[in-house]
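Student: I would be grateful for a close look at one part of this structure. Could you please take the salt bridges and explain which side chains pair and where they lie?

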Amino acid sequence: MSKIKLTLSITTSAIVFTAVSIAGPTFIQTEMANASAPAAESPAAAVPENSKNMPDAARTPAELLQLLGERIKAKDVDGIIALQEPEAAIVNYDGSVIRGHKEIRAFYVDWFKSDPVLTVNPRQTVLAGGKRTGDRVRNRTASIMGDYSLEQAGPDGTRTRFTGNFCDTVQEQPNGTWLYLQDNPYPPHGSAASAHH
């Protein structure tokens, strides 16, 4: 198994939440340029009406990160794919990009062979953009940033530990739920300096 596949994506992965992530990351929400419009909804806003009947849908970026972590821990590949936009991407260790559901599925199937244990510490979430419809803002984008540690088996079965930072991009859907656009465990562009062994 190559080094690339040994060092999966992270946020991709909140497998084990720390006290920081349980308390929740810092949220910074930018306002839209139109100062006369009502303030944008806060991250703790009410659950979108049309997502109440979707128990496995993420209603905030923090919920999306949590669901991804739970599904990684359970090795639920179908559940992981359900949290990704159709053209979502994962940045790989060498800077290459894994793109779309088919490639992301293959990536996770292979990565799970290393029996990964991932701890993710989200530190900051920044919400921005979107489109105002009445008193609601929808189709916002958020960046989730933090650090992680990953332990997994190498090709010879020896457990190896990695640490690094991540910056993921998630997108609010028209119904108010959130999906992954990009999972980047190696900012700024996959350099070896961004992941420490």
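Tutor: The following account begins with the chain as a whole and then turns to the salt bridges one after another.

The model is predicted. Its chain has five helices and 11 strands. Of the 197 residues in the chain, 47% are buried. Contacts between residues at least 6 apart in sequence join residues at least 24 apart in 65% of cases.

Side chains of opposite charge can pair when their charged atoms come close. A search of the whole structure finds nine salt bridges.

Let us start with the pair formed by arginine 59 and glutamate 63, whose closest N and O atoms are 3.9 Å apart. A salt bridge is counted when a side-chain nitrogen of Lys or Arg lies within 4 Å of a carboxyl oxygen of Asp or Glu, so this pair qualifies. Arginine 59 has a relative accessible area of 17% and is therefore buried, whereas glutamate 63 is partly exposed at 30%. Glutamate 63 is also approached through its backbone: the side chain of threonine 60 reaches the backbone nitrogen of glutamate 63 at 3.0 Å. Threonine 60 belongs to the loop between β2 (26-29) and α3 (61-73). With 14% relative accessibility, threonine 60 counts as buried.

A second salt bridge joins the side chains of arginine 123 and aspartate 147, with N and O 2.8 Å apart. Because arginine 123 lies in strand β5 (residues 117-128) and aspartate 147 in strand β8 (residues 141-153), the pair ties together parts that are 24 residues apart in sequence. Arginine 123 is partly exposed, its relative accessible area being 40%.

Notes. Residues are numbered from 1 along each chain as its sequence is written. This is a predicted model: local features need pLDDT of at least 70, side-chain atom pairs count only at pLDDT 80 or more; totals for chains, interfaces and linings use all residues. Side-chain values use heavy atoms; hydrogens and water are left out. Helices (H or I, at least four residues) and strands (E, at least two) are DSSP runs, numbered from the N terminus. Buried means under 20% relative accessible area, exposed over 50%, partly exposed in between (1.4 Å probe, protein chains only). A polar contact is a pair of N or O atoms within 3.5 Å; within protein, one must be able to donate a hydrogen and the other to accept it, and residues adjacent in sequence count only if both atoms are side-chain atoms. Contact means heavy atoms within 4.5 Å.
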